[in-house]
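This report covers salt bridges, a nonpolar surface patch and helix geometry in one protein model. The sequence and structure come first.

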Amino acid sequence: MQFIRGEDMYGIFTAAFSYTAALVGAGFASGQEIISFFVRYGNYSFIGIAAAAAMFGLFAAIVLSECVQGKITCYDEYLDLEMNKPFKRITELVTLIYSLVVFCVMASCCGEMGYALFGADVRVGTVLLCIMCGAVFLMGTNGALDFNAVLGVIITVGIITCCFYILTYREHQTFSNSARIAASSLSYSGYNLLSAG
């Protein structure tokens, strides 16, 4: 029987929680999204959540196994493996534009949250997020991965805590059943996987 070494276990947890933070913490799984895609289906929600989780897990397994087999260590090498040069350039351009748009949205939302929660000037929250993101970028790939893993742990603990609170105090009559949960779970995981890579 082969045991997992300490540094391997650290790498496994770092990758797992970074993936969690990328999917959940990047603003995808907002409370409104969870209600729209899952909660409104009542007990059927568990089926939808399981289907979405299976799709996320399958995607991660496929990408990670290709990276391990090809000894791929970065996004650029992965694109080299999967695409020809012209399509790779288009993908890089689309990824850059998408990343800049997401960053701008996150910065403006941080400013709005600072205003809504603390009455701070909108520009203060926006500048703070820009400084924090700049610091993370300066950490390099491994530092950013470690930082993302810490966020993943915080997000996971927060979600579990909120779930137990909701299960204890929820209003059951606000939940309704529907048979369209399969379509919801597929569309939810499908559009979130567009940027998960």
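## Salt bridges and helices

Glu 92 and Lys 88 join their side chains in a salt bridge, at 3.8 Å from N to O; the term stands for a side-chain nitrogen of Lys or Arg within 4 Å of a carboxyl oxygen of Asp or Glu. The model is predicted, so local features need pLDDT of at least 70 and side-chain atom pairs count only at pLDDT 80 or more, while totals for chains, interfaces and linings use all residues. Residues are numbered from 1 along each chain as its sequence is written, and side-chain values use heavy atoms, with hydrogens and water left out.

Side chains of opposite charge can pair when their charged atoms come close. By the rule above, the count is five salt bridges. Three of them are tabulated here.

| Pair | N to O distance |
|---|---|
| Glu 92 and Lys 88 | 3.8 Å |
| Glu 92 and Arg 89 | 2.9 Å |
| Arg 123 and Asp 121 | 2.9 Å |

Glu 92 and Lys 88 are four residues apart in helix α5, so about one helical turn separates them. Helices here are DSSP runs (H or I, at least four residues), numbered from the N terminus. Glu 92 and Arg 89 are three residues apart in helix α5, which again means a separation of about one helical turn. Salt bridges link Asp 76, Asp 80, Lys 88, Arg 89 and Glu 92 in a network.

Lys 88 is buried at 6%, whereas Glu 92 is partly exposed at 23% and Arg 89 is partly exposed at 46%.

Leu 93, Leu 96, Ile 97, Leu 100, Val 101 and Val 105 make a nonpolar surface patch of about 550 Å². Such a patch takes residues with over 30% relative accessible area and no salt bridge, its nonpolar side chains being joined within 5 Å. Val 101 lies in helix α5 (residues 85–118) and is partly exposed, at 47%.

Helix α7 (residues 140–169) has 30 residues and should span 44 Å at 1.5 Å a residue; its end C-alpha atoms are 43 Å apart, which agrees. The expected span is 1.5 Å times one less than the number of residues. Gly 143, Ala 149 and Gly 152 of α7 are buried. Phe 13, in helix α1 (residues 6–25), is partly exposed at 45%. Phe 13 and Gly 152 are 139 residues apart in sequence, with 9.8 Å between their C-alpha atoms.

How values were computed
Patch = residues over 30% accessible without salt bridge, like charges linked within 9 Å, V, L, I, M, F, W, Y side chains within 5 Å. Areas by Shrake-Rupley, 256 points an atom, 1.4 Å probe, with all protein chains shown as cover. Helix = DSSP H or I, 4+ residues; strand = E, 2+ residues; numbered from the N terminus. Buried < 20%, exposed > 50% of the residue type's maximum accessible area, 1.4 Å probe, protein only.
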